[in-house]
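I opened the model to look up helix packing, a sheet and the nonpolar cores. My entries follow.

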Amino acid sequence: MFDYIIVGSGPAGCVLANRLTADPKVRVLLLEAGKPDRHPLIHLPAGFAKMTGTLASWGYSTAPQKHLNNRQMWYPQGKVLGGGSSINAQVFTRGNPNDYNQWASEDGCEGWSHEDILPYYRRSEDNPRFSNKWHGVGGPLRVSDPEPQTMTQVFVRACQEAGFPYNPDFNGASQEGFGFYQTTTHNGRRSSAPVSYLRPVMSRSNLTIKTNSLVRRVVIEEGRAVGVALKQGAGETVLRCQREVLVTAGAIGSPKLLLLSGIGPAEELRRLGIPVVADVPGVGKNLHDHVDIFQVSECSDSYSFDRYKPPHMALWAGLQYLLFRTGPVASNLVDGGGFWWADDKAPSPDIQFHFLPGSGLEHGVKKIKNGVTLNSTIMQPRSRGSVTLKSPNPDEAPNIDPNFWSDPYDQEVSIKGFKIARKIMAQPSFKPYIKSEVAPGPDVQSDDEIADYGRQNCKTDYHPAGTCRMGPATDRRTVVAPDLKVRGVAGLRVIDSSVMPRVVSSNTYSPVVMIAEKGADLVHGITRERTASKE
């Protein structure tokens, strides 16, 4: 018998497994539907380019996006030990302090202001460059400063020429500006959640990890979660726990599991023949995600990572990595970027930029012989979608509808962000290196033409959130309380990106680690000091 069962080994699941088993009297079972993280590409930073395809992914696609020419968009979500942390781009960003202050003041999430959550960021982090009010050292999550690539250095200079300030730390006192990203890598390898949080505690006798274990439903008896039912052949086997079931399956997997367990909008469940355990209308609603428009430019010579595509050059890059842990294989391929405003009335920067010193490095992005890519991403989209079940069959993928660009504001801001990207790429520093823009190309100039290009080509930044929204009991849209307990069911919490009432203004790996660090304290009943200086 276990004390806690954790469903999902993404960043949150790994953090919880580490923190809860620090008490030798607490027995924890961590379950993962996918395989162990043994594939070598997972641990190579540049392996990210392969991870946005089918490798280690659930293979999801969205519902037809009616505001994007009815496209069904590829929607990678990690199905492997480590979840998204094993397949992401390893960009280390936290969001803007205003994000968390809005959670607390506007969304009713008491205890989740920036002042409240900063100690958890500091506790999780091992930073080689900073140790101050904003950053910590000695934590499990290893962060590094990769050697900037030549074209990324050109990009950062061009941003300054365009009038934007240089920012040496996007996670410090100020988010706005452009510069080089720190990454969740160490010594040329990916700092995934299993590497950071599980490997150091594998020897603990009170931690059990099971991969290839698909959870069909949470077992609920007399209003309390008492375990989970695992798929076993055509049937199932039940594993029980004494304290709590902790659902950490992500913004797609967590609402799916709650719905399969009879927790969700009652009418939806009845239509599928699923017995209603708790009528929680918000389960699966409020899905939103970062969506970007990318610009691809052709280089005038072999300046980008595309030069390593030929087999003999790929071999050379591999040898450099094996001998020195340097070169393109040691790069996360997204080593520069920044944050700025498209809407000057926004309370914080509303566009994030990712510069990739190559072309076709992500699934669905135009690939050319030698090129570079600049993504511009809206940070606080207003469009909302949903995750719903197609059937009661747990093996069937859910219906994923981010409803991208359903709010005209998102299209407007995205177009403005794209224009900023073009402004940067037109600066003098790029002149010796860039031949021309190839996507969308110089013929696309008007807002309507850019919008048409976006509808045909924009893509997810792989940051779904909000489908088990956190908030006060008085708001029927919420699924979990600020202590992350699920409405109407005892012994059950959700702890992952699905609880975000609104997605943070950044990449989401580090924020999910923070949520789980705080979640572990909530499970333990620990209240930490609010100010970072007292941590």
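**Helix pair.** I looked up α5 and α13 and found that they are roughly perpendicular to each other; that class covers 65 to 115 degrees. The axes of α5 (residues 114–124) and α13 come within 9 Å and cross at roughly 105°. I took axes as lines fitted to C-alpha atoms, for helices over the stretch in contact, with angles from 0 to 180 degrees between N-to-C directions. Helices are DSSP runs of H or I, at least four residues, and strands are runs of E, at least two, numbered from the N terminus.

This is a predicted model: local features need pLDDT of at least 70, side-chain atom pairs count only at pLDDT 80 or more, and totals for chains, interfaces and linings use all residues. Residues are numbered from 1 along each chain as its sequence is written, and side-chain values use heavy atoms, with hydrogens and water left out.

**Who touches whom.** I listed contacts (heavy atoms within 4.5 Å). From α5, I117, Y120, Y121, R123 and S124 meet S510, P511, V513, M514, E517, K518 and D521 of α13. I sorted this contact by class and got six nonpolar, two polar and four charged residues. Here Ala, Val, Leu, Ile, Met, Phe, Trp, Tyr, Cys and Pro count as nonpolar, Asp, Glu, Lys and Arg as charged, and the others, Gly among them, as polar.

**Cores.** Next I checked the nonpolar cores, sets of buried Ala, Val, Leu, Ile, Met, Phe, Trp, Tyr and Cys residues joined through side-chain atoms within 4.5 Å. Buried means under 20% relative accessible area (1.4 Å probe, protein chains only). The largest core has 78 residues, and W103, W112, V245, I263 and L492 have the most contacts inside it. Helix α13 (residues 509–524) gives the largest share of this core, eight residues. A second, separate core has 51 residues, including V296 and Y409.

**Sheet.** I then traced an open sheet of three strands, in the order β14-β19-β20, with antiparallel pairing. Pairing requires at least two DSSP bridges between two strands. β14 (285–287) and β20 (399–401) are the edges; each has a single partner strand, so one side of each is left without a neighbour in the sheet. β19 (residues 385–388) pairs with β20 over three bridges. T388 has N399 in β20 as its bridge partner.

**Helix on the sheet.** α8 (residues 250–260) lies across β14, β19 and β20, at about 50° to β19. I counted ten of the eleven residues of α8 as buried, among them I252, L257 and K256. G262 follows α8 and has a positive phi, near 85°.

Note on methods:
Buried < 20%, exposed > 50% of the residue type's maximum accessible area, 1.4 Å probe, protein only. Parallel < 35°, antiparallel > 145°, perpendicular 65-115°, else oblique.
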